[in-house]
Amino acid sequence: MLKNILTKVREYIDVTLSTPHPRLGDLPICPYASQYRDSTIILEGDSRHIHQSMDSITKLLHRDVQVVVMAFPHVMKNSEPRFARACDRLQSAVWDQGWTVFLDHPENPYPVADVYTSFGLCPLVVVQRTALLESKRKSLSKTGYYANWSKEQLKDL
């Protein structure tokens, strides 16, 4: 029996994002993922109704939550632009509340320092507290984490 998508996303966070990589200064892809595991909500979205699914995320953004991850397991090819537009809309809705939206889409794997960082099985929309994100980026800049990132990747950061 195949594992359900939410279990696969949890494994991606717990294993892939949390395993150290030499090209990232011997730090994991997401060095703080395990620290915020218990304040991360993982949901399944409906790719036929992307905007409605993402709108449901805003109801979960409260004080105890640091990260919300929504997986969209049933997606057609060439859907990355559609997801990007939906993420832009969601970002506009939550930016003033202190949240940042990321899209991890299999059509755009975004390798960083030659490390494959994407979930790859389906699109993930990640909503994270902006202040936490900026604080952790500042801490990571004092390590070797960003040493192998390209100028373009650092600019995108």
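Along strand S6, Leu-124, Val-126 and Gln-128 point one way, while Val-125, Val-127 and Arg-129 point the other way, and all are buried. Here buried means a relative accessible area under 20%, exposed means over 50%, and partly exposed lies in between, computed with a 1.4 Å probe on protein chains only. Strands (E, at least two residues) and helices (H or I, at least four) are DSSP runs, numbered from the N terminus. In a regular strand the side chains alternate between the two faces of the sheet. Because 6 of the 6 residues of S6 are buried, this strand is largely enclosed by the rest of the structure.

The model is a predicted one, in which local features need pLDDT of at least 70 and side-chain atom pairs count only at pLDDT 80 or more, whereas totals for chains, interfaces and linings use all residues. Residues are numbered from 1 along each chain as its sequence is written, and side-chain values use heavy atoms, with hydrogens and water left out.

The partners of S6 come next. Two strands pair if DSSP finds at least two bridges between them. Strand S4 (residues 67–71) runs antiparallel to S6 and is joined to it by 5 bridges; Val-67 has Gln-128 as its bridge partner in S6. S5 and S6 also run antiparallel, joined by 6 bridges, and Asp-104 has Leu-124 as its bridge partner in S6.

Between strand S5 (99–104) and strand S6 (124–129) lies a loop that holds Ala-113. Ala-113 is not a glycine, yet it has a positive phi of about 50°. Asp-114 is found in the loop between S5 and S6 as well, and it too has a positive phi, of about 65°, without being a glycine. Are these residues buried or exposed? Ala-113 counts as buried, at 3% relative accessibility, whereas Asp-114 counts as exposed, at 69%.

Another loop, between strand S2 (27–28) and strand S3 (40–44), contains Gln-35. Gln-35 and Asp-114 are 79 residues apart in sequence and 25 Å apart in space, C-alpha to C-alpha. The side chain of Gln-35 makes a polar contact with that of Tyr-36 at 3.4 Å. A polar contact is a pair of N or O atoms within 3.5 Å; within protein, one must be able to donate a hydrogen and the other to accept it, and residues adjacent in sequence count only if both atoms are side-chain atoms.

Finally, Gln-91 lies in helix H3 (residues 80–94). Gln-91 is buried, with a relative accessible area of 17%. Leaving aside neighbours within four places in sequence, Gln-91 is in contact (heavy atoms within 4.5 Å) with Trp-99, Thr-100 and Val-101.
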